[in-house]
Amino acid sequence: MSAVETPLAASEVATAGVWIGAPPSLVERLAAFWVGLVGVLFPGVGPLLLGGMEAAGRLTAAQIGQAGMAELVAMGIGAAVVGPLFGARRLRLAAVTCGLLLAGLDLLTTRTSGDGLTLVRALAGLPAGAMIWLITGMIVRSPRPERWAGLYLTIQTLVQLGVVAGIGAFVVGPFGPDGGFAVLAGLALSAALCGLAVPGAYAPLVETPDNPKGLPSPRGWIALAAVLCFQAFILAVWIYAEPLSRQAGHAPTVVSTAFAVSLAAQVAGGAVATALAGRLSWFWSLTGAVTLAIGAMLVLASQPSAAVFLAASGLFGFVWLFASPFLTPLAIEADPSRRAALLGPGASLLGCGAGPLLASFTVTGTDVRPAVWLAVGLALVTLVIVAGLHLTRSRVQA
């Protein structure tokens, strides 16, 4: 029986430091990475293109938020539900089908407006989420998942930056937002083509007494709650970075600089996490990063000077992507079958949608700082869950 056909205990594989199942070839790894990268493009490109739709009169300001949140939530559902429906043995069918569906929905977006556009973008989130599920399946079966997660997140940020810069500089001006969605459709077609080269199948993950039906264990679900709270607190505050800067009396150029500083810091944070994966305790890395994020958020809410605001934005961006890869070993320690880790992107994307939604109920037209207090509360919940899971691990495993 081949390695792909033999289910191995995740704890045994983690100890041996090898792949679960047959290791994918370099071409298969690159293809899976590209499919996953195209699947996660919209969160980076969406604000530019949806804003262009609003400027063209095809969306209202409220519909921008509705369309963005609908697609993020649908991506979470796609990663948690649609991808697993294909199964671990039909990966090429999943990649090709989802790439073609996403391309078609991107093109359909150019012909819609208003609530119809919101519906199309929600539908587009389903295949996009399944594409993220595919790369996640490879990451959780790797010998060092936190390193692969860090690499994926870092490259993801760089690709989003490149696509946003390219579309903004060369496409939106002459062709409008429709041109941007046409570019996304072309990239989705390239992902469908690469889907022919992804691994044919993944090795099955082990079933344990805690998850006999292939679902995460109870501790795994608790770990997913921490993942959701982490992304929720990040987006709950960062979505209000511009009004926080304005409320502090800064010039309009400050917040644009803050976004650039934060993005550069995110790349640096992801790169550092990737380089140090396996050398740092995931628990202390995650705890320290969330604690620093709380400090940065409090500074952002204190109406600081422009220089301090920029410094806090940089720190926030760094710990954001530095911490994110360590959410994978958190889920693996809580649920050694790695099924919780496989659902991590779904929880992350749901958190990305839930955070801004919850924050919208706390802010007023004159004061957006309550969003920060909400984010701090969610960050503290994240710390409590992380500490509780880690400190009880020996008793549970024994």
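Author: Gladly. His250 has a relative accessibility of 14% and counts as buried. Bear in mind that this is a predicted model.

Reader: Why is His250 called buried?

Author: Buried means under 20% relative accessible area. His250 has 14%, so the label applies. The residue is found in the loop between helix 10 (241-247) and helix 11 (252-276).

Reader: What makes the pairing of the His250 and Ser245 side chains a polar contact?

Author: The two side chains come to 3.0 Å, and the cut-off for a polar contact is a pair of N or O atoms within 3.5 Å. The side chain of His250 also reaches the backbone oxygen of Pro304, at 2.8 Å. Setting aside neighbours within four places in sequence, His250 is in contact with Ser245, Pro304, Ser305, Ala306 and Phe309.

Reader: How do you know that the structure has zero disulfides?

Author: A disulfide needs a pair of cysteine sulfur atoms within 2.5 Å. For the sulfur of Cys98, the closest cysteine sulfur is that of Cys194, 15 Å away, so the distance is too far for a bond. Seen from Cys194, the closest cysteine sulfur is in Cys98, again at 15 Å and too far. By this rule the count is zero.

Reader: What labels do Cys98 and Cys194 get for accessibility?

Author: Cys98 has a relative accessible area of 2% and is buried.

Reader: What makes Glu71 and Arg121 a salt bridge?

Author: Their side chains meet at 2.9 Å, N to O, and a salt bridge calls for a side-chain nitrogen of Lys or Arg within 4 Å of a carboxyl oxygen of Asp or Glu. The pair links distant parts of the chain, with Glu71 in helix 4 and Arg121 in helix 6, 50 residues apart. In total, the structure holds seven salt bridges.

Reader: Which salt bridge does Arg121 form with Asp106, and what does the pair tie together?

Author: The closest N and O atoms of Arg121 and Asp106 are 3.0 Å apart. Arg121 lies in helix 6 and Asp106 in helix 5 (residues 91-109), so the pair ties together parts that are 15 residues apart in sequence.

Reader: Are Glu71, Arg121 and Asp106 buried or exposed?

Author: Buried. The relative accessibility is 1% for Glu71, 1% for Arg121 and 2% for Asp106. Each value is set against the cut-off of under 20%.

Reader: How does the salt bridge of Glu146 and Arg144 stand against the cut-off?

Author: Their N to O distance is 3.9 Å, and the limit is within 4 Å, so the pair qualifies. Glu146 is buried at 11%, whereas Arg144 is partly exposed at 38%. As for shared partners, salt bridges join Glu71, Asp106 and Arg121 into one network.

Reader: What makes up the nonpolar surface patch?

Author: Ile77, Val81, Leu85 and Leu350 make a patch of about 350 Å². Helix 4 (residues 61-86) gives the largest share, three residues. Val81 is found in helix 4. Patch residues need over 30% relative accessible area, and Val81 has 43%, which also counts as partly exposed.

Reader: Why do Gln303 and Arg338 get a remark about phi?

Author: Gln303 has a phi near 55°, a positive value in a residue other than glycine. Arg338 is not a glycine either, yet its phi is about 75°. Gln303 lies in the loop between helix 12 (282-301) and helix 13 (306-323), and is partly exposed at 38%. Arg338 sits in the loop between helix 14 (327-334) and helix 15 (339-342), and at 2% counts as buried.

Reader: How do you know that Ser142 is buried, and what is in contact with Ser142?

Author: Its relative accessible area is 0%, and buried means under 20%. Ser142 belongs to the loop between helix 6 (114-140) and helix 7 (145-170). Leaving out neighbours within four places in sequence, Ser142 is in contact with Val18, Trp19, Trp148 and Arg338.

Methods. Residues are numbered from 1 along each chain as its sequence is written. This is a predicted model: local features need pLDDT of at least 70, side-chain atom pairs count only at pLDDT 80 or more; totals for chains, interfaces and linings use all residues. Side-chain values use heavy atoms; hydrogens and water are left out. Buried means under 20% relative accessible area, exposed over 50%, partly exposed in between (1.4 Å probe, protein chains only). Patches are made of residues with over 30% relative accessible area and no salt bridge: like charges are joined within 9 Å, nonpolar side chains (Val, Leu, Ile, Met, Phe, Trp, Tyr) within 5 Å. Accessible areas come from the Shrake-Rupley method with a 1.4 Å probe; for residues, only the protein chains shown count as cover. Helices (H or I, at least four residues) and strands (E, at least two) are DSSP runs, numbered from the N terminus. A polar contact is a pair of N or O atoms within 3.5 Å; within protein, one must be able to donate a hydrogen and the other to accept it, and residues adjacent in sequence count only if both atoms are side-chain atoms. Contact means heavy atoms within 4.5 Å.
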